[in-house]
Amino acid sequence: PLRLTPTVLDGICKEASKAVEDNSFVEMVASKFSRRGRNRGRKKSANDPSSFTNELCEIHGRMIQLKKKGPRIQLTYKYERQHKQSNLELSSFTSQFREDLLATDFEKVTLFTTSGDYTASSSSGVIVKAKPKFSTQFVSSHDIPKKTMNDPSSTFFQKLGVTDKDGKPRPRMSSKLRQCNKFVEVVGRLVLKGERVEERGVRVLDMGCGKGYLTFALHNHLSEKIPSAAVHSVGVEVRPKLVEDINNIASDLGGHFDTLKFTVGEIGNYNDGDDGGHDDDGENNDALNPISALIALHACDTATDDAIYQGIKNGADIIVLSPCCHKEVRRYMENVNYNAENHPYKHLLRYGVYRERVAEHVTDTIRGLLLEEAGYDVDIFEFIGGEHTAKNCMITATRSKKTKRSESKIDEIRNLAKIHGVKRMKLAELMKVDLGDLSG
C-alpha cells in the first residue's frame, strides 16, 4: 500500500514544530488508513473471528491546558473499536507523531494553523499549503470543571466553613458540599417549575435548618435564577446562639442574602410570619404570598411530621423532606407478634435489623400516602449516595389539582398500619385521619 515517505513526514512535522513555537498550532490529523490489497474483495462474516479487527484509523493531535502541568499536545489514537489518548510535552510532540506515522500505512496528514493549512498525501508525495481554516487557536481544558449548582468558591460557602478561598472543601466537608449541590439541584428544579415564579416571587421555609448550609445554598441558587428581590427564605432553628451566628453571616454577605433570615422556634409551634419579615412600608408581607417550598432535612422522628403538617396547613406549593430517626412506628412494631402462623412477615421481621429498616419504609410510605390524601403528587427516592450520608431518602410533594379525599387511599393507609401494628402516627393525628379499629 501507498504510505507517506520519511521526507514528506519530516517536512510537515517541521511545519508543526514551527506552529507550536509561534503559538499558531490548531490541530494535526493523520487519516485515511490504507487497507488496499489486504481487504479488497473480502466479505466479512459475523462467524469469522479474523473479521473482528481493531485497526488504527486516525491520529488526532490538539492543544490542551492541564491544570498542573500546563500546555500539552494530546494525541488521540482512534481505533475501530476504541480510542486511546496520550498527553505529550510540546517539545516531544512532533517526534512521537512522526514515529507513529512511520509505523503505519496512513495516506494523508493535515496540519491546521492560524497562518495556513498544510496537507501531505502519499499520492502526491508533496506538501500543499492552503488558506487557514481557523483564524484563532483553540486550547481545550483537559481538567473540565464539574457543573455545580453553586460555585464552590462562593463567599457563603467560605463563611460557613465548607470550602476555602480556592473552592476546595475543608477537611470532612466534601460530603456536605456534594449534599448541598444535589439538594439544590432537586429542590431548585421543582421551585423554578412553579407557576408565575417571576411574578409571585419565591418564599422558602426551612424547618430545623441547623447551621443553614442547605438554606444558604438554595437561596443563593434561586437568587441567581430570578431577580434577587423576589426570593425570600426563612430558616427555623431551636438553638438561639446558632441562629444569631448564621444571621450575622447572612447580614455580612449582604446583597441578595438580605432577604435570608433565621429565627428561633420549634417546628410544631412555628407560625407563618414569625420571622418578622416586613416590606418597605413596614408591614408584614408573609401572608401576601404562599410558601413556594417548605423543606425539612433530617428533622428527627415526629418533627418531620410537624414539618409536613406545617406545609399542608400553610398551603405550600412544594414540600421536601429527608426524614431520620423513625422511632414512633418502630416502637409499635416491637409489640407485634410476627411469629404468629398467619402473619405475612413471619420470617422477614423476626430479625431486629430488618424491623428497623422496614419501620423506615412503613413510616415514609404512610407519610407519602397522607400527602397524596392532602392533594400532593409524591415521589420518594435516594437523593445522594449512602457513602455521603445514611439519611439519604428524600420525599418530594408537589401540590396538584386534586382536592377531594379518596376513601380508598384511607383504606390503604389503615391496612398498612394494621399489618405493622401501628396504632397511632403523629401526622395522621394532625391531619385528623383515623387509622381505624385495629382489634380485628
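Predicted model: local features only at pLDDT ≥ 70, side-chain atom pairs only at ≥ 80, totals over all residues.
Figure 1. As a general point, side chains of opposite charge can pair when their charged atoms come close.

Figure 2. The side chains of lysine 409 and glutamate 372 meet in a salt bridge, with 2.9 Å from N to O. Because lysine 409 lies in helix α11 (residues 407–419) and glutamate 372 in helix α10, this pair ties together parts that are 37 residues apart in sequence. Glutamate 372 is partly exposed, with a relative accessible area of 26%.

**Figure 3. Further salt bridges in the chain.** The side chains of arginine 239 and glutamate 237 meet at 2.7 Å, N to O, in a salt bridge. Arginine 239 counts as partly exposed at 47% relative accessibility, whereas glutamate 237 counts as buried at 5%. Elsewhere, Arg200, Asp317 and Arg399 are linked in a network of salt bridges. For the chain, the count comes to 14 salt bridges.

Figure 4. The buried residues are Ala303, Thr304, Asp305, Asp306, Ala307, Ile308, Gln310, Gly311 and Ile312. Threonine 304, found in this helix, has a relative accessible area of 0% and is buried. Leaving aside its neighbours within four places in sequence, threonine 304 is in contact with Ala299, Leu321, Pro323 and Arg367. The helix is followed by glycine 315, whose phi is positive, near 65°.

**Figure 5. Isoleucine 319 in strand β13.** Isoleucine 319 lies in strand β13, which covers residues 318–324, and it counts as buried at 0% relative accessibility. Not counting residues up to four places away in sequence, isoleucine 319 touches Leu294, Ile308, Gly311, Ile312, Leu371, Tyr376, Ile395, Thr396 and Ala397. The C-alpha atoms of isoleucine 319 and one of these partners, isoleucine 308, are separated by 7.0 Å, although the two residues are 11 apart along the chain.

**Figure 6. The nonpolar cores.** In the largest nonpolar core, which has 42 residues, Met207, Ile319 and Leu371 touch the most other members. The largest share of this core, seven residues, comes from α10. A second, separate core of 41 residues includes Leu214, Ile226, Ala230 and Leu260. Apart from its neighbours within four places in sequence, methionine 207 is in contact with Val236, Ile267, Tyr270, Leu294, Ile295, Ala296, Leu297, Ala307 and Gln310.

Figure 7. The sulfur of cysteine 325 is 3.3 Å from the closest cysteine sulfur, which belongs to cysteine 300. A disulfide is counted here for sulfur atoms within 2.5 Å, so this pair is too far apart for a bond. Cysteine 325 is partly exposed, with a relative accessible area of 31%, and the count of disulfides comes to zero.

**Figure 8. A nonpolar patch on the surface.** Leu348, Tyr351, Val353 and Tyr354 form a nonpolar patch on the surface, and together they have about 360 Å² of accessible area. Leucine 348 has its place in the loop between α9 (327–333) and α10 (352–373), where it counts as partly exposed at 41% relative accessibility.

**Figure 9. Two residues with positive phi.** Most residues other than glycine have a negative phi. Arginine 172 has a positive phi of about 65° although it is not a glycine; this arginine lies in the loop between α3 (155–159) and α4 (174–192) and counts as exposed at 79% relative accessibility. Lysine 432, also not a glycine, has a positive phi of about 60°. Lysine 432 is found in the segment after α12 (426–430) and is exposed, with a relative accessible area of 71%.

Key: Residues numbered from 1 in each chain as written. Heavy atoms only, no water. Buried < 20%, exposed > 50% of the residue type's maximum accessible area, 1.4 Å probe, protein only. Helix = DSSP H or I, 4+ residues; strand = E, 2+ residues; numbered from the N terminus. Patch = residues over 30% accessible without salt bridge, like charges linked within 9 Å, V, L, I, M, F, W, Y side chains within 5 Å. Areas by Shrake-Rupley, 256 points an atom, 1.4 Å probe, with all protein chains shown as cover. Salt bridge = Lys/Arg side-chain N within 4 Å of Asp/Glu carboxyl O. Core = buried A, V, L, I, M, F, W, Y, C linked by side-chain atoms within 4.5 Å. Contact = heavy atoms within 4.5 Å.
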